[in-house]
Amino acid sequence: MVRKWTRRQLLGGAGAAGIALAGCAGTAPRPSPASRGHDGLQHFVSRPDLTPPVLRVSGAAPADDSRLTFLNAPWTGTGHGGSMIHDSRGELIWLGPNTPAEHRMDFAVQAYRGKPVLTWWEGLLVNGWGLGRGVIADSSYRTAHVIRAARGLQADLHELFLTPQGTALITAYRTSPADLSAVGGPASGGYVVSGVAQEIDIATGALVFEWDSRDHVPLTESHQAFAGGTRDNPYNYFHINSISVAPDGDLLISARNTWTIYKVARPSGRIAWRLGGKKSDFALGPGVRFHWQHHVRPHGPDVLTVFDNGAAPALERRSRGLILHLDTGARRVTLARELIHPGRRLLAGAMGSIQLLPGGRTMVGWGSRAYFSEFDSAGRLLADTGMGPSHPSYRALSYPWAGHPAEAPALAARPRPGGATVHASWNGATGVASWAVLAGPSVTSLAPVGSALRAGFETAIAVPSRGPYFAVEPRDAGGRPLARSAPARLSLS
């Protein structure tokens, strides 16, 4: 859902050239000692197969678990990457792990047929883009639909955008022969990779619409220095990295390597206007010009948000989250607000996001710099989260979410003097308020022996029983059981 901002909210406290941001006043990082190791990873007794990175949260923003943070855990570094959901304290809610053959990117909450769903891309990363498929999952984390590209292409990692019409907008990359002499390459025998936007009917998989940059954007619009140009390493002149729907139904397509946002008319595919780059149809006010940008989103007819990377190569000192005001009649763009990290010089050469939140707040994901930050309506930094230098996230986004996993809760029971300690977790559950422990001499004779309030992703519960069989029940705020684990025997290790 796109949130509508008023002009007063956007412009309040900000001049045309942006605002100076206050420092981050607040508490020190808040680790959870029970599950956070010295290796920068989280560890769980009940789920040793899940080792996501530790999130170090600082700032004065109040904990608000009605909105959760959605991240792409790393595809580099140690531990298990994948799709991650965390609460405002940095505690894990869900991890959908990568596999050695497939990684996940572009993780978000969207709507399909009036219901909230999870969406992500999964596949392989090759030469800076993806070869894979889009996934739509329900509130139980079960795959409901798989989105595949048409015409022999594979879905790219950069965008999976669901429309109210039951279609999905996806990015793809197409390699083809090209005359590269205009950009310093060979006139024959060369290859270029173009940016492709496809609209796919979710229910049937049918191709509804396709737009290829080679048909509309010449190579000479690129700011990318010529390199490669071979079949195995084609010249990446365009680098499509986001698609969204303008209020009038046209598409807004972002191309990193041309520094341009293209408004593409449907169904003709004609470029209605360009914003930025070498052939901008708009005059750009002070502070508007962006370089190597990501994550373009419209908010009504006259507001755009853009993550301005400014690198790589570096053309700016810092990356910025931009809120732009468009006067389409006068063909002029002015800067409503820029968001720059006040405490760190963050210059992200890849990835990044900006999202408008309720109450005038803004979330900025700093891409390859492995931080994400929340700002208040005046542009002051409220909360800042670091993931460690080897744990970047493609986008960092915030949504309400209610998850009830299809898989059963997990537990591990270990002996302690006078009884046992039971470690309980339920990957993806959002409605758990407490845990009940059952124990007995056999799997068919389990009775309640203890309980505890939920304490993060994994809760340790001391009970006066040695079992040797145990089970756990997560319970909601009213004390009602939500599920039951499979019985597990006391571990002596």
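Student: What share of the contacts in the protein chain with a separation of 6 or more comes from residues 24 or more positions apart?

Tutor: Those residues account for 56% of such contacts, where a contact means heavy atoms within 4.5 Å. Keep in mind that this is a predicted model, in which local features need pLDDT of at least 70, side-chain atom pairs count only at pLDDT 80 or more, and totals for chains, interfaces and linings use all residues. Residues are numbered from 1 along each chain as its sequence is written, and side-chain values use heavy atoms, with hydrogens and water left out.

Student: What is the mean pLDDT of the protein chain?

Tutor: The mean is 91, and 90% of the residues reach 70 or more; pLDDT is the predictor's confidence in each residue, from 0 to 100. Confidence is highest in strand E16 (residues 260-264), at 99, and lowest in helix H1 (residues 7-11), at a mean of 35. Over residues 1-34, pLDDT stays under 50. Where pLDDT is low, the predicted coordinates should not be read in detail.

Student: Why is threonine 385 called buried?

Tutor: Buried means under 20% relative accessible area, exposed over 50%, and partly exposed in between, with a 1.4 Å probe and protein chains only. Threonine 385 has a relative accessible area of 5%, so it counts as buried. Threonine 385 sits in strand E26 (residues 381-386) and, not counting residues up to four places away in sequence, touches Leu55, Arg56, Val57, Ala370, Tyr371 and Phe372.

Student: Which residues in the largest nonpolar core touch the most other members?

Tutor: Trp211, Phe238 and Ile253 do, out of 25 residues. A nonpolar core is a set of buried Ala, Val, Leu, Ile, Met, Phe, Trp, Tyr and Cys residues joined through side-chain atoms within 4.5 Å. Apart from this core lies another, of 21 residues, among them Met105, Val117, Ile170 and Ile200.

Student: What makes the residues lining the largest cavity nonpolar, polar or charged?

Tutor: Ala, Val, Leu, Ile, Met, Phe, Trp, Tyr, Cys and Pro count as nonpolar, Asp, Glu, Lys and Arg as charged, and the others, Gly among them, as polar. The lining residues include Leu92, Ser425, Arg454 and Gly456. They divide into seven nonpolar, two polar and one charged.

Technical notes: Helices (H or I, at least four residues) and strands (E, at least two) are DSSP runs, numbered from the N terminus. On a 1 Å grid over the protein atoms alone, a cavity is a set of points where a 1.4 Å probe fits but cannot get out, and a pocket is an open set with protein on both sides within 12 Å along at least five of seven lines; lining residues have an atom within 4 Å of a point.
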